[in-house]
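User: Hey, could you walk me through this one? I'd like to go bit by bit.
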Amino acid sequence: MASKAPKAVLQGGPEGISERIVDVDPSGGDLKVPYRGGFEHFRPTPREWDTADGRLPVYEWWERTELPG
């Protein structure tokens with residue numbers, strides 16, 4: 001069954017992030033994506049892209065944080 005959660009397109013960040021269309025919180029806040037022992041952080045932008053899932057907001061990468069360990 002397809003997810004009914006709002007979706008967004010991820011732009012920027014590591015090339016190894018395989019999922020570029022992701023579920024997002026409807027509040028539109030920043031998004032943290034777990035990746036290789038840390039998190040890639042994305043912020044919403046005013047841009048939208050046409051995708052196979054419809055017209056989606058674009059979230060742009062802005063930083064990475066490492067998990068302790």
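Predicted model: local features only at pLDDT ≥ 70, side-chain atom pairs only at ≥ 80, totals over all residues.
User: Which side chain does Asp 50 meet in a salt bridge?
Analyst: That would be Arg 55, at 2.9 Å from N to O.
User: How many salt bridges are there by this rule?
Analyst: The count comes to seven. Another one of them joins the side chains of Arg 43 and Asp 30, at 3.9 Å from N to O.
User: Why would I care where Arg 43 and Asp 30 sit in the chain?
Analyst: Arg 43 lies in strand β4, residues 38-51, while Asp 30 is in the loop between β2 (21-23) and β3 (31-35), so the pair ties together parts that are 13 residues apart in sequence. Arg 43 itself counts as partly exposed, at 40% relative accessibility.
User: Which residues are linked in a network of salt bridges?
Analyst: Glu 40, Arg 64 and Glu 66 are. Within that trio, the side chains of Glu 66 and Arg 64 meet at 2.8 Å, N to O. Glu 66 is exposed, with 56% relative accessible area, whereas Arg 64 is partly exposed at 28%.
User: Switching topics: what makes up the largest nonpolar core?
Analyst: Ten residues in all: Ala 8, Leu 10, Ile 17, Val 22, Val 24, Leu 31, Val 33, Tyr 35, Phe 42 and Tyr 59. Two elements, β1 (7-11) and β3, each give two or more residues to this core. The largest share, three residues, comes from β3.
User: And what does Phe 42 touch?
Analyst: Leaving aside residues up to four places away in sequence, its contacts include Leu 10, Ile 17, Leu 31, Val 33 and Tyr 59. Phe 42 also touches Trp 61 and Trp 62, among others.
User: Now the sheet. What's the strand order?
Analyst: It's an open sheet of five strands, ordered β2-β1-β5-β4-β3, with mixed pairing.
User: Which strands stand at the edges?
Analyst: Those are β2 and β3. Each has a single partner strand, so one side of each is left without a neighbour in the sheet. Neighbouring strands here are turned by 45° against each other on average, ignoring direction.
User: How many bridges join β3 to β4?
Analyst: Five, and the two strands run antiparallel.

Methods
Residues numbered from 1 in each chain as written. Heavy atoms only, no water. Salt bridge = Lys/Arg side-chain N within 4 Å of Asp/Glu carboxyl O. Helix = DSSP H or I, 4+ residues; strand = E, 2+ residues; numbered from the N terminus. Buried < 20%, exposed > 50% of the residue type's maximum accessible area, 1.4 Å probe, protein only. Core = buried A, V, L, I, M, F, W, Y, C linked by side-chain atoms within 4.5 Å. Contact = heavy atoms within 4.5 Å. Pairing = 2+ DSSP bridges. Axes fitted to C-alpha atoms, helices over the stretch in contact; angles between N-to-C directions.
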